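Hi everyone, thanks for coming.

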Amino acid sequence: MNLYQRIQSQHWILTYFILIWGSADCIASVYEVGPGKAHTTIGSVPWEALKPGDEVRIHWQAKAYREKWVLCCRGTQAKPIKVSGVPGPEGQLPMIDGKDAITRSSLNYWGQERGVLKIGGANNPADTMPAYIVVENLDISGGRPPNVFSGRRGTTPYSKDAASIIVEKANHLVLRNLVLHDSANGLMVSAQSKDVKVEGCHLYDNGNPGSITEHNAYTECDGIVYEGNHFGPLRAGCNGNNLKDRSAGLVVAHNWIEGGNRQLDLVDATGNPALNASPAYRRTLVYGNVIIEREGDGNNQIVHYGGDSGKTQGYRKGVLYFFNNTLVSTRKTSIAVFRHSSPDETVECFNNLFYVTIKGKNLSLMAKVGVLKLGKNWLNAGWVQSVDNFTGRIDIQEPSVEGDEPGFVSLPDLDLNLRPGSVCLEAAVAIPAGLPVPSQRYVRHQKVEVLPAGKPLNLGAQ
């Protein structure tokens with residue numbers, strides 16, 4: 001072998017080891033947590049060192065993990081970082097209970113009192129904008145007063161606005177198949193976040209007794225989609241809303257939303273001026289949902305749209321597209337389907353099914369002010385525009401179908417599918433250009449199924 005050949009050979013050997021070393025550095029790690037696993041506690045996972053493609057797998061055990069932690073890391077679109085629960089033999093989700101939970105002392109992050117799992121905002125791990133993260137298959141509870149936890153400041157009580165999951169900041173976050181309950185808020189997402197999807201989750205039994213400021217979900221970000229979730233009633237005696245949102249680009253599609261002071265409270269962005277300036281802030285989509293108003297649920301208004309800060313210049317003042325939803329009220333008194341915050345808010349309402357069990361004027365469409373563009377819907381015979389001192393306007397763009405019963409399979413069982421012969425079957429109008437055509441429907445609970453292709457849409461949530 002001549003000198004040139006020896007140099008070339010050494011060069012390729014060196015290149016080979018560089019490639020091997022570099023690729024080893026990029027190999028994703030899987031951290032197994034649970035009885036008999038490499039990590040018997042959540043706290044022993046090296047949360048400070050997570051890199052793209054890593055996965056933390058938390059296995060079910062008979063007792064809850066009483067631990068809390070922070071996620072402050074960045075995956076990539078191709079290699080997201082995952083925190084995944086591994087269900088038990090009967091499908092039980094691993095339980096994370098914030099009551100008397102422990103945070104490893106070397107995890108140094110602010111706002112520990114704000115939630116059981118916190119995403120974003122830390123000193124150790126080093127602060128960053130968390131990105132491309134998936135959290136799935138976990139049951140998380142206990143983030144509320146008077147519960148306490150042990151952290152770097154010793155025994156500490158949770159704050160009044162704590163949550164099962166609090167997202168201080170994150171981009172491209174997926175929260176999937178989670179049970180968020182028994183906290184002050186089930187989920188909180190702050191105004192520095194972008195592109196969040198909440199899918200197939202169960203949020204219920206949250207809130208603080210006597211308080212109106214904590215909710216099953218309370219979110220404000222640039223782009224958020226709720227799909228296939230089951231929003232159940234809040235804790236007894238709690239007066240918060242079911243889903244309260246201040247986001248730009250909000251989509252609420254194919255969910256079951258039952259109870260709350262209001263089922264949907266869609267108000268003004270207050271934490272980030274860029275949200276108010278976004279064109280997406282003035283376009284909100286709510287479609288394919290089942291919405292239940294029960295006797296004793298508090299406010300008789302189902303959907304509040306616009307703002308609540310009092311600074312009316314920042315209110316949404318756009319269009320809420322509300323279509324192909326099924327709304328059922330069992331109240332003994334009237335409801336107002338929509339309450340606008342100012343004269344400048346508009347709802348385009350079509351292809352819905354609005355049914356009250358106490359007939360006649362108990363189905364009231366509007367409260368106070370604003371514009372309702374009313375297309376074809378199914379409505380109880382005897383419905384009224386409003387039972388309030390209404391100074392807004394209802395533009396009837398197409399006659400609705402009116403009657404006494406829409407044709408549910410079984411209202412007592414809340415089987416709100418339509419039985420054969422219902423006047424709502426295949427009675428929907430075409431979806432206007434620029435809006436999504438519903439191609440799925442919600443299936444109790446936390447599932448969606450694809451609708452048959454090419455079949456005309458029904459009135460209501462299919």
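This is a predicted model: local features need pLDDT of at least 70, side-chain atom pairs count only at pLDDT 80 or more; totals for chains, interfaces and linings use all residues.

**A walk through the model**

Okay, stepping back to the whole thing. How many helices and strands are there in the protein? We've got 2 helices and 42 strands. The radius of gyration is 25 Å, close to the 23 Å that the globule rule gives for 462 residues, so the protein is as compact as a globular protein of that length. If you box in the C-alpha atoms along the principal axes, you get roughly 95 × 60 × 50 Å. And of the 462 residues, 56% are buried.

Now, the aromatic rings. A ring pair is described by how far apart the centres are and by the angle of the planes. The count here comes to 11 aromatic pairs. Take Tyr355 and Trp378: they're 6.1 Å apart centre to centre, with 45° between the planes, and that makes a tilted pair. Tyr355 is in strand 32, residues 353–356, while Trp378 is in strand 35, residues 378–380, so this pair ties together parts that are 23 residues apart in sequence. Are these two buried or exposed? Both Tyr355 and Trp378 are buried.

Tyr355 has another partner, Phe408. Their ring centres are 5.8 Å apart and the planes are at 85°, so we call that pair edge-to-face. Phe408 is in strand 39, residues 408–410, and with Tyr355 in strand 32 the pair links distant parts of the chain, 53 residues apart. Why does Tyr355 count as buried? Because its relative accessibility is 4%, and buried means under 20%. Phe408 counts as buried too, at 5%. Elsewhere, ring pairs join Tyr287, Phe323 and Phe350 into a cluster.

The largest pocket holds about 300 Å³. Its lining has 18 residues, and the ones nearest the centre are Leu451, Pro452, Lys455, Asn458 and Gln462. What is the lining made of? It divides into 9 nonpolar, 5 polar and 4 charged residues.

Let's turn to the backbone. As a reminder, most peptide bonds are trans, and most residues other than glycine have a negative phi. Here, the peptide bond from Asn124 to Pro125 is cis, with omega near 10°. You'll find Pro125 in the loop between strand 7 (115–119) and strand 8 (131–136). The bond from Pro145 to Pro146 is also cis, with omega near 5°, and Pro146 is in the loop between strand 9 (139–141) and strand 10 (148–151).

Then the positive phi values. Lys317 has phi near 45° and belongs to the loop between strand 27 (301–305) and strand 28 (319–323). With a relative accessible area of 29%, Lys317 is partly exposed. Glu426 has phi near 50°, and its loop runs between strand 40 (415–418) and strand 41 (440–443). Glu426 is partly exposed as well, at 44%.

One last stop: Ser190, in the loop between strand 15 (185–189) and strand 16 (194–199). Ser190 counts as partly exposed, at 25% relative accessibility. How far is Ser190 from Gly382? Their C-alpha atoms are separated by 43 Å, and the two are 192 residues apart along the chain.

Note on methods:
Residues are numbered from 1 along each chain as its sequence is written. Side-chain values use heavy atoms; hydrogens and water are left out. On a 1 Å grid over the protein atoms alone, a cavity is a set of points where a 1.4 Å probe fits but cannot get out, and a pocket is an open set with protein on both sides within 12 Å along at least five of seven lines; lining residues have an atom within 4 Å of a point. Grid points are joined across faces, edges and corners, and a volume is the space filled by probe spheres set on the points. Ala, Val, Leu, Ile, Met, Phe, Trp, Tyr, Cys and Pro count as nonpolar, Asp, Glu, Lys and Arg as charged, and the others, Gly among them, as polar. Rings of Phe, Tyr and Trp (its six-membered ring) pair if their centres lie within 6.5 Å; planes under 30 degrees apart count as stacked, over 60 as edge-to-face and the rest as tilted. Helices (H or I, at least four residues) and strands (E, at least two) are DSSP runs, numbered from the N terminus. Buried means under 20% relative accessible area, exposed over 50%, partly exposed in between (1.4 Å probe, protein chains only). The radius of gyration is taken over C-alpha atoms; the globule rule is 2.2 Å times the number of residues to the power 0.38.
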